[in-house]
2 protein chains.
Amino acid sequence: MARIVMKFGGTSMAGTERIRRVANIVRKQQAAGHEVAVVVSAMAGETDRLVTFCREANPLYDPAEYDVVVASGEQVTSGLLALTLQAMGCKARSWLGWQLPVHTEGAHAKARVRDIESNALLASMAEGKIAVIPGFQGLSDDGRVTTLGRGGSDTSAVAVAAAIHADRCDIYTDVDGVYTTDPRIVARARKQKYVTYEEMLELASVGAKVLQTRSVSLAMKEGVRVQVLSSFIDDDAPPADNLPGTMIVSDEEMEGLEMERQLVTGIAHDKNEAKVILTRVPDKPGAVAHIFTPLADASINVDMIIQNVGREKGETDVTFTVPQADLARTQALLEAKRDEIGFNRVITDSKVAKISVVGVGMKSHAGVAATMFRALAERGINVQAISTSEIKVSVLIDEDETELAVRVLHTAYGLDAPDVAA
Amino acid sequence: MARIVMKFGGTSMAGTERIRRVANIVRKQQAAGHEVAVVVSAMAGETDRLVTFCREANPLYDPAEYDVVVASGEQVTSGLLALTLQAMGCKARSWLGWQLPVHTEGAHAKARVRDIESNALLASMAEGKIAVIPGFQGLSDDGRVTTLGRGGSDTSAVAVAAAIHADRCDIYTDVDGVYTTDPRIVARARKQKYVTYEEMLELASVGAKVLQTRSVSLAMKEGVRVQVLSSFIDDDAPPADNLPGTMIVSDEEMEGLEMERQLVTGIAHDKNEAKVILTRVPDKPGAVAHIFTPLADASINVDMIIQNVGREKGETDVTFTVPQADLARTQALLEAKRDEIGFNRVITDSKVAKISVVGVGMKSHAGVAATMFRALAERGINVQAISTSEIKVSVLIDEDETELAVRVLHTAYGLDAPDVAA
């Protein structure tokens, strides 16, 4: 007998019929002799609908009330999955974030899980009750609803798996594993049997929407074995123990596994960034701190930063990217600090995309970045900004060129599958 | 300064624009110098949508999980109203049922409020924060979400008003008060400045759907001053202190208020009853108990009952009414007891309407019923059954004659407004 956490995303929970398919997968996992906890997302589209309501109500919304609104989507699906499992003859009950509770800390709308009380949960699971837990939501120390940020249900699942010492955390998604790139863009993309936590981290952080970044960090930190699986499997498929997905493993485990290690594991793209340019910022010590301190205080993640010398002496243009969702708040914060920072204009552009090549293999190989710039230049794709890490190189380009860039790079790094028609 | 609870129903909360209108009404109430708590329903249609999901998931649903699902609708609107108030510059926060908490007892999906902890709420309101409270929801002693049954938000509002000793509980609805009868039927219906709790109870129970019955009982028990108001008022209207609605008051207060007390306060109609006739029931002691005991055991509310002497000696016809929704179950139960009861036939008719005249004034005046029967007889309207209480006389008539009967009675009791074109 194993203890297994299963997580289902919004597409899998979108409506009565799909929830029934999920319940069937869960039922079989339990019937295979395991203790099962299920973490669920809101129905696809529901969180967007709720976020839209919040924006309409108040463009500069109070994240504490935003959390109250958006946490409701997962509350609905957790109750519905419990009801559906009961209809199949399983024992099941929902455990809301404040009921367990899932203690969180940090800012509303992007809270972090501190710990999860698991005694009542484990006792209930030991009685054969399937635990259904809404992802995404938690409880702050002052007793308010919190949420973990978009895609936070993956993190909820890994946190639950860590709290109850689960043998495995199976993340069911609308893809059946981690590919070398988005198969909707590149038909020759290949599914990978294994990727490392670090690779997965970089892929997730640059928009390969299989797992949320924080969930991978948490899994790495807590040593949770994570498997990515498709939720669109036949009703008569075997339990997940025997399904082919992608297993996320440690560097050490990977070295023992793979014969021919690829230099680059994957190409990711992300259209959710927006570019901000501040023109004619005084080119003096501390000027940049004036820009980024208020953004950091507001928990806005600034990613790529470049500084260009301006036309006038002693002035500079500062370019950086923020998540599109934070663009309005970023503009408001900057305008409020206009005198302090001393810029001339704020120019914004949300029609940009970030393209990244990722691979632990590049740690020991030079030339990965050079290959990237050459391949893009040959197709006339202009690079607006660059950022790098140990196992990743990212560039910012025009959003319209996203698919072209991904295809060009997939070929340039030799990732195309040999026997699939392009 | 007064302390005021305001309650807005689903029609008023249906979408961003309407919530903004609600927020504007609330804002003005606070600006008039009052401490304000607002109780809100889910967006119109949302609870139905959630109930449908539950039924699809599991026709014999677990009410504990049903509550988890359906309570989410009010959670959404409470957060959105708090956000909208903040956008207008007001301080506001939401207080969910489990946060206050609203302690409830009794069955899930039809829980009753036991008490509401008000210290934190009052402290927050004293700081000038508008409290936004989702109606309908509470917390059971074992820490699970409960709901109060459909329409329960009125009860939530009155319970909050009682808990914080509010000076007034304003219920905003899609009508602007309690009328002498349905204005869609009688153009000359008049809005009443005052009705008593008892009158409101009778009006609510016989189909004047302004307030949920339980909320009126609770207001009467707790002595909460309830005002019924329209939420569809101009944005530049004055605060509700000066708006003309209907105030629900005690008998004693009413006596001090009105110079010319109307004998009859209102004419209500209800098309949701069905008539059942059992023919040739043995006319002997205990026969009637055989009929009504199984119905009572099945929680079917039997209303009007009459017994006619049948054509044969020693036999009688028994006529009574039940809610239309329970008619099929009633027939099945009676057929199952056919031998025991000893009737000949079950005849049913759901094309009936119950017309009621209500008024505390009739306690001290004879002749109210006589006026009713005479007025109906003059227009050839046949009375099929009669029931009375201290402050109400109801008759059962052909459903087709509903509007005619209401108009005839409205005139007969002198309720027609003088200066509105008929």
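Copies are superposed by least squares on the C-alpha atoms of residues with pLDDT of at least 70 in both. In this predicted model, chain B can be laid on chain A with an RMSD of 2.7 Å, by a turn of 170 degrees and a shift of 1.6 Å along the axis. Both copies use the same surface, since 100% of the contact residues of chain B recur in chain A.

Within chain A, helix α11 (residues 327-336) has Leu327(A), Thr330(A) and Leu334(A) as its buried residues. These residues lie on the same side of α11(A) because they cover an arc of only 55 degrees around the axis. The cover over the buried residues of α11(A) includes β16 (273-282), α10 (287-297), β18 (315-323), α12 (338-341) and β19 (346-349) of chain A.

Over all chains, the salt bridges number 45. Three of these pairs are listed below.

| Salt bridge | N to O distance |
|---|---|
| Asp400(A) and Lys351(A) | 3.0 Å |
| Glu17(B) and Arg20(B) | 3.0 Å |
| Arg338(B) and Glu335(B) | 3.2 Å |

The pair of Asp400(A) and Lys351(A) links distant parts of the chain, 49 residues apart. Asp400(A) is in the loop between β22 (392-398) and α14 (402-412) of chain A, and Lys351(A) is in the loop between β19 and β20 (352-358) of chain A. Asp400(A) counts as exposed at 55% relative accessibility, while Lys351(A) counts as partly exposed at 42%.

Glu17(B) and Arg20(B) both belong to helix α1 (residues 16-31) of chain B and are 3 residues apart, about one turn of the helix. Arg20(B) is partly exposed, at 28% relative accessibility.

Elsewhere, salt bridges that share partners join Glu46(A), Arg49(A), Glu46(B) and Arg49(B) into one network.

Definitions and conventions. Residues numbered from 1 in each chain as written. Chains lettered and ligands numbered in written order. Predicted model: local features only at pLDDT ≥ 70, side-chain atom pairs only at ≥ 80, totals over all residues. Heavy atoms only, no water. Contact = heavy atoms within 4.5 Å. Buried < 20%, exposed > 50% of the residue type's maximum accessible area, 1.4 Å probe, protein only. Helix = DSSP H or I, 4+ residues; strand = E, 2+ residues; numbered from the N terminus. Arc of directions from axis to C-beta. Salt bridge = Lys/Arg side-chain N within 4 Å of Asp/Glu carboxyl O.
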